[in-house]
Amino acid sequence: MEFTKTPGWLDWYASPAKPRFQLPPGAVDAHCHVFGPGAEFPYAPERKYTPCDASKDQLFALRDHLGFARNVIVQATCHGADNGALLDALQSSGGKARGVVTVRRGISDDELWRMHAAGVRGVRFNFVKRLVDFTPKDELQEIAARIAKLGWHVVIYFEAADLPELWDFFTALPTTVVVDHMGRPDVSKPVDGPEFELFLRFMRENANVWSKLSCPERLSVTGPRALDGEQAAYRDVVPFARRVMSEFPDRVLWGTDWPHPNLKDHMPDDGLLVDFIPHIAPTPEQQRRLLVDNPMRLYWPELD
Ligand SMILES: O=C(O)c1cc(C(=O)O)oc(=O)c1
């Protein structure tokens, strides 16, 4: 099948810099995606965007170039609940990738077990309205109860403004809950203001809630962009990520978000995104927890 990209689509950055920051041995890129290729793994009819292709081989080449040991591949909404491309990537990874899928309530137990054997360890519930149609909460609760029995967790993606309305649903989830991209704070608001304070309270009061300190390129208003060798990119995001890192050092993850769907302003150099890490996790101890200990405990507990 032939696909035409969404107008204005920004393709992933083809020749990223070699990071200056040396990742600790065993570092995990805990949030990235594969897109298609569409000819082999068609994009879902219900998708809200049509991306450029971003194959497993391209992802694994990026992993090696940046110096990561492992990937956690998260189902992208352009593939709906067809996890074929993701499962194929897991199966080709030689055990170096684990996955987070999107499923509907009709999925069989056999299928869930097959996914588990392929390396799936979580499901993603998405509440970002520009990305997905609404799924009834009772369907999500049913899925959460089923995957809890497999020891999986739930990854949630939502906008900061929607947290109050989603609070009761999130806090009733029976598993570890991992928040994508810090709950998308508006970083033009104060880091100690009521909106981000609510997110911190969400983590403080719920010891099962983790957060990815990812996507500064999406959240930043002031930049500067991670391009042209910039070593101090996205400065307005730093206080937010540092705050979560220092208060919850055992419940944070980091990922590139490659191939960065739906960016409108610029496509970051992934090598320079890695150079952003020491700004939000300044000490070697924090870096080890963020990049190795925490993701290994969640995704490869048998090796931990
Ligand atoms: O903000 C986004 O557009 C976005 C989209 C997706 C997806 O389409 O799955 O995943 C992400 O992590 C972020």
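Arginine 105 and glutamate 142 form a salt bridge in this predicted model, with their closest N and O atoms 3.0 Å apart. The pair links distant parts of the chain, 37 residues apart. Arginine 105 lies in the loop between β3 (97-101) and α3 (109-118), while glutamate 142 belongs to helix α4 (residues 137-148). Both partners have intermediate accessibility: arginine 105 is partly exposed at 33% relative accessibility, and glutamate 142 is partly exposed with a relative accessible area of 34%.

In total, the structure holds 26 salt bridges. Side chains of opposite charge can pair when their charged atoms come close.

Arginine 288 takes part in a salt bridge with glutamate 285 and in another with aspartate 293. Arginine 288 and glutamate 285 both sit in helix α11 (residues 284-299). They are separated by about one helical turn because they are three residues apart in that helix. A network of salt bridges links Asp250, Glu285, Arg288, Arg289 and Asp293.

| Salt bridge | N to O distance |
|---|---|
| arginine 105 – glutamate 142 | 3.0 Å |
| arginine 288 – glutamate 285 | 2.9 Å |
| aspartate 293 – arginine 288 | 2.3 Å |

How values were computed: Residues numbered from 1 in each chain as written. Predicted model: local features only at pLDDT ≥ 70, side-chain atom pairs only at ≥ 80, totals over all residues. Heavy atoms only, no water. Salt bridge = Lys/Arg side-chain N within 4 Å of Asp/Glu carboxyl O. Helix = DSSP H or I, 4+ residues; strand = E, 2+ residues; numbered from the N terminus. Buried < 20%, exposed > 50% of the residue type's maximum accessible area, 1.4 Å probe, protein only.
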